[in-house]
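Dear colleague,

I am passing on the structure below, followed by notes on what was found in it. Please read them with the structure open beside you.

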Amino acid sequence: MTDRTGYGPGSLLILGAALLAGCAATPQAPTGTDPHAVQVGPPGAAQCAATAPDQNAMAAQVTNRARARAGLTPLRADPHLAQVAARHACDMAQRGRMTHLGSTTTGPAMRLKQSGYQPTISAENIAAGPFSLPRVLSEWTASAAHHDNIMLPQVRDFGVGQATSQDGRTTYWAAVYAAPR
């Protein structure tokens with residue numbers, strides 16, 4: 001049995017992946033609920049900060065090692081995408097909910113468009129748990145759906161963000177992969 005609260009040896013790392021290709025559709029307000037969303041903890045204040053450039057570069061480097069093994073071009077550590085990812089991680093942490101649906105957005109493409117980035121393709125990996133960035137990157141690389149996002153040949157830009165929930169132990173992660181028009 002997995003311990004969702006004590007973060008002992010059996011701690012739960014929750015992962016999620018979303019892909020939106022051909023992002024030409026007009027953004028619409030969120031409707032319904034995300035069937036893959038997970039309520040990780042109670043809503044409340046979160047510790048939200050911008051992604052440090054060296055943290056984003058390190059995450060891109062780890063991601064690019066996986067891409068290189070598949071013969072794919074490297075991704076650029078993009079500070080704009082890191083900002084979008086950090087804002088979504090903060091939104092999730094404040095709601096205590098791991099989901100691709102934002103409080104006011106339907107997914108990564110809509111968040112990118114609202115920030116001024118016009119994607120031709122976008123994908124997002126998310127995670128929540130008491131884990132570091134190296135651990136989360138490792139889990140995403142080992143997970144089939146997350147690995148698929150990492151290996152999208154069309155994407156060129158990358159950004160990662162994090163926020164810590166009010167409990168001070170649960171970190172919410174978001175990574176955004178995209179290519180501009």
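The accessible surface of the protein chain comes to about 8400 Å², as given by the Shrake-Rupley method with a 1.4 Å probe, where for residues only the protein chains shown count as cover, and carbon and sulfur atoms hold 56% of that surface. This is a predicted model, in which local features need pLDDT of at least 70 and side-chain atom pairs count only at pLDDT 80 or more, while totals for chains, interfaces and linings use all residues. Residues are numbered from 1 along each chain as its sequence is written, and side-chain values use heavy atoms, with hydrogens and water left out.

Of the 181 residues of the protein chain, 47% count as buried (under 20% relative accessible area, with exposed meaning over 50% and partly exposed in between, for a 1.4 Å probe and protein chains only).

A search of the whole structure finds five salt bridges, each being a side-chain nitrogen of Lys or Arg within 4 Å of a carboxyl oxygen of Asp or Glu. One of them joins Glu 124 to Arg 111, with the closest N and O atoms 2.7 Å apart; the pair links distant parts of the chain, 13 residues apart, Glu 124 lying in strand E6 (residues 119-129) and Arg 111 in helix H3 (residues 108-114). Helices (H or I, at least four residues) and strands (E, at least two) are DSSP runs, numbered from the N terminus. Glu 124 is buried at 0% relative accessibility, and Arg 111 is buried at 10%. Arg 76, Asp 78 and Asp 157 are linked in a network of salt bridges.
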